[in-house]
Amino acid sequence: MVGVAIAIAIFFTTLVPLYLYMSTLHNLYSNELNYRRIRDIDRATESLEIAIEGTVIPLSGMGNQIRLVLKNTSPLMIRVQRIWAMDVEEAAPIGNDPCIQTPIDVSPGWNTSLRIDQCLTNFTGRAQFIAVTERGRLFASTPVLIVGGRLASGLYPYTLTVSVINMKRGDEYTILISPQGDADIQPRSITYKATASNENISLSFGATAGTFLVYLLENGELIGPGRLIAPSTNPAEVTLPDYWNVVFILARTEINPQTIDIEIMAPSRVLEGESFSFDITLSLPAQAGENVRINHMAIQNSITLSGDYEPGTLYCIPLGDILTPGSTTIALRCNLNAADLRGNNPGSITITIHALSNAGTGQDSGLAYPSDSDSTSITVRPQRQR
Amino acid sequence: MNATISPPPKGRRPRTSRGDTILLAEILLFAGVVTLGVALWALSLGYVSSQGTQMSREYDRMISQHRILLVIEAASLQSNIVWVSNPGMNDVIVLSCTIYPKTQPSPGIRYNIEPTVVAASPERLETIQGCERYPGEPPYIVELWYMPAHLYNRTDPARNVMSAQVARYEAR
């Protein structure tokens, strides 16, 4: 009886507690495993997108800003514990300290924007931002180029376009841009030499927001209001991003059509009954203010033949098309047959081109260019065997 | 021959030692059973207690390994400094820190730094200095071996290895 009692006592005081203790431990372990599994799933579910924005607000006096946008694309609340700004080239944190150490909560589906340019003061190189979450995940941005503490891709987010209309051929035009305050622009000056009268150009400059004074100089001198049709002042003031272009319209340069010099290049003598060719060349004086398109038909129609030639054998091929100022070009190459002579005496052919009022047309002005006249005589010799 | 048995005298029984012997035997038996039972009980308690302690230690080791987590947040290859935090639930101790080219195999636990305790708190940032650097071309792997701080035994490196876990970080 006593033995049974002792056996029962041993059972209830040792084995049962041992079993209960084991069971408790196992439950504890099981709970820990579950907790760890939940934590791992939560960690794996975390998803944070990091974007870098460069904004330039010089007019507000806030200077250049670089902001980090944290977008929580997971269904969980994410607490960003720290943000590091890493120097990608050196593989080290910029400043050897975290950029932001204050915890930031980002709700599911929301995003938050943080100013981070204070971490990049005077930094030049490739920077990458790494956000460390409370659950121990690291999320990195794509590396971006920073120049002097400013985001390179956002250095000049705007474009200022400067147009100059009716430039004078041969003159040098300089556009000077003076940024006001914190505004910046690149390049700040461009010089262009006009190659034709009344030429137009449009140039674009990368700029930040802000106010700029745009100067236009002609041969190194500021163009006065008398020469400008628009704008009313030189320099012109423009403020980006409200206005993004400046158009300087200069008074149009008057073009006086120059007389085109016509010359007939023909052989001095030909044999009777033979075919020969001659060229008609045109020369445009260098004073001409524009290119001239040759009027072949008018020139061909102005050719007059007389003497010993076979009628109906003249035909011409147009060659050159455009005359630039100061150039000479063959406008027509013509063929003609000399007639058979009736005796042993030599004959002659006279080719004449009369003065024209429209030998060519100005490409820019559309004006008709006149030409002078020319004439040449060709001796026609009899065949020897006759 | 008839044997006559005389009746006992009236009013007084003759005293014998037979009852004493039985009682003594019963007492001795009872004492023996009780002694044996107590001894068995004590033995059982000792065994259970020992088993309980052993189980506690084993479960503690297993649970601790699930509760620890070390994160390498940043590393400076210029100064061989590694910034770590511990978002887990147990303090950890860092045993080894190596920086080696990604193209090379892991050198494993090197016990190359003074063991550093990192408290369990995501807010706290600790620095690990003096990491062993292996030559080679980037990118590099920063590798830390760590274990639950309360399981660390300075005199038993082999046992420490059994509880150690690794954290890695790629530095370009």
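Two strands are taken to pair if DSSP finds at least two bridges between them. Helices (H or I, at least four residues) and strands (E, at least two) are DSSP runs, numbered from the N terminus.

The model is predicted: local features need pLDDT of at least 70, side-chain atom pairs count only at pLDDT 80 or more, and totals for chains, interfaces and linings use all residues. Residues are numbered from 1 along each chain as its sequence is written, while chains are lettered from A and ligands numbered from 1 in the order in which they are written.

Stop 1: Two residues are in contact if their C-beta atoms, placed from the backbone, lie within 7 Å.

**Stop 2: the side of chain A that touches chain B.** Here 32 residues of chain A are in contact with 30 residues of chain B. At least two residues each come from α1 (2-45), β3 (78-87), β4 (92-93) and β7 (125-133) of chain A. The largest share, 16 residues, is that of α1(A). By class, this side of chain A has 21 nonpolar, five polar and six charged residues. Ala, Val, Leu, Ile, Met, Phe, Trp, Tyr, Cys and Pro count as nonpolar, Asp, Glu, Lys and Arg as charged, and the others, Gly among them, as polar.

**Stop 3: chain B.** Select chain B, which has two helices and eight strands. From the N terminus on, the order of its elements is α-β-β-β-β-β-β-β-α-β. Among contacts in chain B between residues at least 6 apart in sequence, 64% join residues at least 24 apart.

**Stop 4: an antiparallel sheet.** Return to chain A, where four strands form an open sheet in the order β27-β24-β30-β31, with antiparallel pairing. β27 (322-323) and β31 (368-371) of chain A stand at the edges with a single partner strand each, so one side of each is left without a neighbour in the sheet. Strand β30 (residues 356-362) of chain A pairs with β31(A) over three bridges. Centre the view on Gly360(A), which stands opposite Tyr369(A) in β31(A).

**Stop 5: a mixed sheet.** Another open sheet of four strands in chain A has the order β22-β32-β29-β25 and mixed pairing. Its edge strands, β22 (269-271) and β25 (303-307) of chain A, each pair on one side only. β22(A) and strand β32 (residues 374-381) of chain A pair in the parallel sense over three bridges. Finish at Leu271(A), which stands opposite Arg381(A) in β32(A).
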